Amino acid sequence: MQKNSAAALSPQNQELNSLCSRLLELLLDITVTLVCSGSHSGKTIRILKRFAKPFGFEVYVMLQTKSVSLTLLYSADHRIQQTAIRHIPGLHLNFYFQNMLSRLSWEVCDNGMDLDRLDALYHEIVQTPRYSFYVIWLTTSLANMAFCRLFGGDAYAMLFVFLGTAIACYVRARLLRREIHHLFVLIITAFVSSLTAGCTELFQLGNTASIALATSVLFMIPGVPLINSLIEILEGHILNGLEKIMSACTIIVCIALGLLLTLVILGLENL
Amino acid sequence: MSLEQFFILLEDMFFSFIASFGFGSISNPPFKALLCAGALGAFGHSFRYFLMNMLGVHVVPASFLSALCAGFLAFFIAKKMHTLIEVFTFPAVLPMVPGVPAYNTMISLVKFLNAGFESGHQYLEQVFYNGFLALFVLSALVLGILFPHLMFSKKCWQFPRKS
């Protein structure tokens with residue numbers, strides 16, 4: 001401690017110190033953005049190292065589910081060292097952010113960059129809007145309908161799966177806005193979606209009701225976290241990988257619960 | 001291959017394109033990449049359909065092979081477009097996810113519990129068969145898609161590099 005405060009007196013060190021704390025803030029922002037947009041641990045750490053290298057710092061990362069801790073260390077003589085920690089909010093997949101940040105990190109690593117410019121470019125990337133909710137609404141419903149077709153559903157099954165997915169997406173968006181627990185929201189969404197698809201069974205439309213029921217909830221399966229968890233385990237981030245698998249399994253169990261509710265209402269013997 | 005089979009394949013491609021495109025759009029990739037991901041998904045699923053229904057390959061090796069081919073195609077597309085490879089590989093396997101076996105596992109499990117131990121053992125067999133089928137297909141898909149990731153990992157990391 002004493003050594004640090006004594007060293008901080010010299011103007012050169014003060015400048016380095018302020019650069020370090022600004023870079024640390026920016027890197028924490030970048031980490032949170034990356035993890036939230038669904039990047040696996042190995043990729044996040046590699047990108048951070050690329051960002052820190054041209055500024056003359058080494059970065060050490062401790063990445064956990066709900067928090068991240070970064071330490072920046074001045075590579076040349078280790079006289080500056082700062083650590084900070086930050087919470088990570090929930091997952092909101094965004095491949096655009098991952099892709100652009102990875103690109104930016106290579107640019108910084110190869111050619112170097114001023115910190116102000118890096119900050120501006122980062123904020124430019126983060127402010128890029130997503131596809132609008134209505135577009136996602138339509139594409140998801142169409143995709144689930146096509147899914148039903150691929151599994152061998154007939155026209156009635158396709159129609160009701162489309163309707164079910166559309167209604168369920170709307171319900172989910174409304175419920176999530178009210179800050180209800182996300183797993184509870186999933187149960188309700190799965191119930192609504194499968195109940196709508198179950199109308200084919202209720203009104204005896206077509207004869208592929210079980211396929212309609214099976215596909216109606218598939219759009220909620222957390223595919224990206226599942227694949228990411230396997231990559232993490234294979235790359236050696238075992239704890240993070242297991243955590244992702246567990247959370248994905250919890251989601252799948254909740255979906256199954258919602259589907260089960262529908263099955264109880266419709267009567268199991270008919271299926 | 002007869003003309004009829006060709007049209008079945010085309011239809012399969014069309015619907016799996018919509019499925020990959022739609023599910024890919026949830027994760028907000030760039031639009032061009034999303035189109036390519038959809039095309040990869042269409043290729044993967046129709047290739048598996050071809051292997052299974054026209055060459056008679058079992059579903060697990062067929063899934064592995066088509067995921068592997070989709071993975072390597074994604075490798076070249078990602079290299080060309082300077083994009084992360086995940087953008088293409090993740091949506092490409094989505095249409096092949098074993099949804100119906102997973103559903104059947106759950107249904108048979110509930111039926112088994114409902115029928116009781118004495119009279120429900122044929123449901124238990126279905127639970128095991130469907131459960132393991134779903135598990136194996138899923139693992140085959142993920143392994144196939146991750147193969148280029150893991151084999152050329154250093155190259156894959158450098159795809160977004162613009163120099």
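This is a predicted model: local features need pLDDT of at least 70, side-chain atom pairs count only at pLDDT 80 or more; totals for chains, interfaces and linings use all residues.
A crossing of two helices is called right-handed if the near helix is turned clockwise from the far one by less than a right angle.

Helix α1(B), residues 3-26, and helix α2(B), residues 31-54, have axes that come within 7 Å and cross at roughly 140 degrees. Because an angle must be over 145 degrees to count as roughly antiparallel, α1(B) is classed as oblique to α2(B). The crossing of α1(B) and α2(B) is right-handed. On the side of α1(B), the residues in contact include L9(B), M13(B), F17(B) and F21(B). On the side of α2(B), they include L34(B), H45(B), Y49(B) and F50(B).

The axes of α4(A), residues 95-111, and α5(A), residues 115-126, come within 10 Å and cross at roughly 165 degrees. That angle makes α4(A) roughly antiparallel to α5(A). The crossing is again right-handed. Helix α4(A) contributes F97(A), M100(A), L101(A), L104(A) and V108(A) to the contact, while α5(A) contributes L118(A), L121(A), I125(A) and V126(A).

Attention now turns to the strands of chain A. Three of them form an open sheet in the order β1-β2-β3, with antiparallel pairing. Strands β1 and β3 of chain A stand at the edges, each with a single partner strand, so one side of each lacks a neighbour in the sheet. Neighbouring strands of this sheet are turned against each other by 15 degrees on average, direction ignored. Helix α2(A), residues 11-36, packs on the sheet and touches β1, β2 and β3 of chain A. The direction of α2(A) makes about 150 degrees with that of β2(A).

The pairing can be followed residue by residue. Strand β1(A), residues 57-63, and strand β2(A), residues 67-74, are joined over seven bridges in the antiparallel sense. In this pair, F57(A) stands opposite Y74(A), and a hairpin of three residues connects the two strands. Strand β2(A) also pairs with β3(A), residues 81-87, in the antiparallel sense and over seven bridges. Here S67(A) has H87(A) as its bridge partner, and L72(A) has Q82(A).

The hairpin between β2(A) and β3(A) has six residues between the strands. What is the backbone phi of H78(A) in this turn? Phi of H78(A) is near 60 degrees, a positive value in a residue other than glycine. H78(A) is exposed, because 9 other C-beta atoms lie within 10 Å and a residue counts as exposed at 12 or fewer. E179(A), in the loop between α7 (155-177) and α8 of chain A, likewise has a positive phi of about 60 degrees although it is not a glycine. E179(A) is exposed too, with 8 other C-beta atoms within 10 Å.

Helix α8(A) itself contains T196(A). Is T196(A) buried or exposed? With 21 other C-beta atoms within 10 Å, T196(A) is buried, because the cut-off for burial is 20 or more. Leaving aside residues up to four places away in sequence, T196(A) touches F160(A), L163(A), G164(A) and I167(A). Of these, I167(A) is 29 residues apart from T196(A) along the chain, yet their C-alpha atoms are separated by 8.4 Å.

The last element is helix α11(A), residues 238-266. The buried residues of α11(A) include N240(A), K244(A), C254(A), I255(A), L259(A) and L263(A). Within chain A, the buried residues of this helix pack against α3 (41-52), β1, α8 (182-202) and α10 (223-235). They also pack against α5 (99-119) of chain B. Helix α11(A) is followed by G267(A), whose phi is positive, near 90 degrees.

Definitions and conventions. Residues are numbered from 1 along each chain as its sequence is written. Chains are lettered from A and ligands numbered from 1 in the order in which they are written. Two strands pair if DSSP finds at least two bridges between them. Helices (H or I, at least four residues) and strands (E, at least two) are DSSP runs, numbered from the N terminus. The expected span of a helix is 1.5 Å times one less than its number of residues. Two residues are in contact if their C-beta atoms, placed from the backbone, lie within 7 Å. Axes are lines fitted to C-alpha atoms, for helices over the stretch in contact, and angles run from 0 to 180 degrees between N-to-C directions. Angles under 35 degrees count as roughly parallel, over 145 as roughly antiparallel, 65 to 115 as roughly perpendicular and the rest as oblique.
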